[in-house]
Amino acid sequence: MFSANIFTLYPEVFPGVLGQGIYERASKSNIWKLNVKNIRDYASDKHSKVDDKPFGGGNGMVMKADVIDKCLDENLNNYKTFYLSPRGKVFNQDLANQISNFDGINLLCGHFEGVDQRVLDHRKIEEISIGDFILSGGESAAIIILDAVLRLIPGVLGNANSVKDESFTDNLLEYPQYTHPRVWNNLEVPSVLLSGNHAEIKDWRLNQSQSITRNLRPDLWSKYIKSKEKKKLNE
């Protein structure tokens, strides 16, 4: 069972979308479980103070190292711990695949101006980002990361083949998808998809993925070309 452990000041945010649909069913089937710890419960003073003004001055407040450390100390396990931060390495599909093979993960959600650096250094916590933009806290980022990871765990999706032809597989974006009705607003489904010729359909989808990636994501297209060249060299 995959264990997702969240350390946050706002436990009421969870499970959110992770408590719906496939994730709810997978949780009830004991494929994964969610553990949420309220950092505020580990504050030592009567006012449950979790933050303070930054040394050296500046705007905002910083989450206190002693409070976070106590929360982690009493609940942490052997799973890898990430702190959600815009300074971290950018989360991507490769990392999602790696994490999906772990037994579990710990996600520390920051707030205000972030957390005291000392708790990150002391515990050697790795920082991770979901992109080059600022959020009000790490909770929404944690949900995004778990959304990307959980669906890769065997048994979560009804069809195990669903993850094989998705965007970012082999650095290509996914081809267009169509369903009934065959004609909608005078727009028809591409005839090749109605042909029943699986080889032609496969070629059409690959060509579509290549064209879309080349036009919309030249960075991914470059990676795709390099990976193809590397495969040729190794053949």
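The following legends describe close-up views of a predicted model. Residues are numbered from 1 along each chain as its sequence is written, and side-chain values use heavy atoms, with hydrogens and water left out. Local features require pLDDT of at least 70 and side-chain atom pairs count only at pLDDT 80 or more, whereas totals for chains, interfaces and linings use all residues.

View 1. Five strands form an open sheet in the order β2-β1-β6-β5-β7, with parallel pairing. From one strand to the next, the twist averages 35 degrees; axes are lines fitted to C-alpha atoms, for helices over the stretch in contact, and angles run from 0 to 180 degrees between N-to-C directions. Strands (E, at least two residues) and helices (H or I, at least four) are DSSP runs, numbered from the N terminus. Two strands pair if DSSP finds at least two bridges between them.

View 2. Seven of the seven residues of β1 (residues 2-8) are buried, so the strand is largely enclosed by the rest of the structure. Buried denotes under 20% relative accessible area, exposed over 50%, and partly exposed in between (1.4 Å probe, protein chains only). Both faces of β1 are covered, with Phe2, Ala4, Ile6 and Thr8 buried on one side and Ser3, Asn5 and Phe7 buried on the other.

**View 3. The neighbours of β1.** Strand β2 (residues 32-38) runs parallel to β1 and is joined to it by seven bridges; Trp32 of β2 is the bridge partner of Phe2. Together with helix α1 (residues 21-28), β1 and β2 make a right-handed β-α-β unit. A crossover is right-handed if, with the strands pointing away from the viewer, the path from the first strand over the helix to the second runs clockwise. Strand β6 (residues 104-109) also pairs with β1 in the parallel sense, over five bridges, and Leu108 in β6 stands opposite Phe7.

**View 4. Strand β5 beside β6.** Five bridges connect strand β5 (residues 80-90) with β6 in the parallel sense, and Lys80 stands opposite Ile105 in β6. Leu84 lies in β5 and counts as buried, at 8% relative accessibility. The C-alpha atoms of Leu84 and Arg205 are separated by 36 Å, and these residues are 121 apart along the chain.

**View 5. Cysteines without a disulfide.** A search of the whole structure finds zero disulfides, a disulfide being a pair of cysteine sulfur atoms within 2.5 Å. For Cys71, the nearest cysteine sulfur is that of Cys109, 11 Å away, a distance too far for a bond. Cys71 is buried at 1% relative accessibility, and Cys109 is buried with a relative accessible area of 0%.

View 6. One aromatic pair is present in the structure. The rings of Trp221 and Tyr224 have centres 5.2 Å apart and planes at 35 degrees, so the pair is tilted. Rings of Phe, Tyr and Trp (its six-membered ring) pair if their centres lie within 6.5 Å; planes under 30 degrees apart count as stacked, over 60 as edge-to-face and the rest as tilted. Both residues lie in helix α7 (residues 218-234), three residues apart, about one turn of the helix, and both Trp221 and Tyr224 are buried. Arg214 lies over the face of Trp221, at 5.1 Å from the ring centre; this assignment requires NZ of Lys or CZ of Arg within 6 Å of the ring centre and within 35 degrees of the ring normal.
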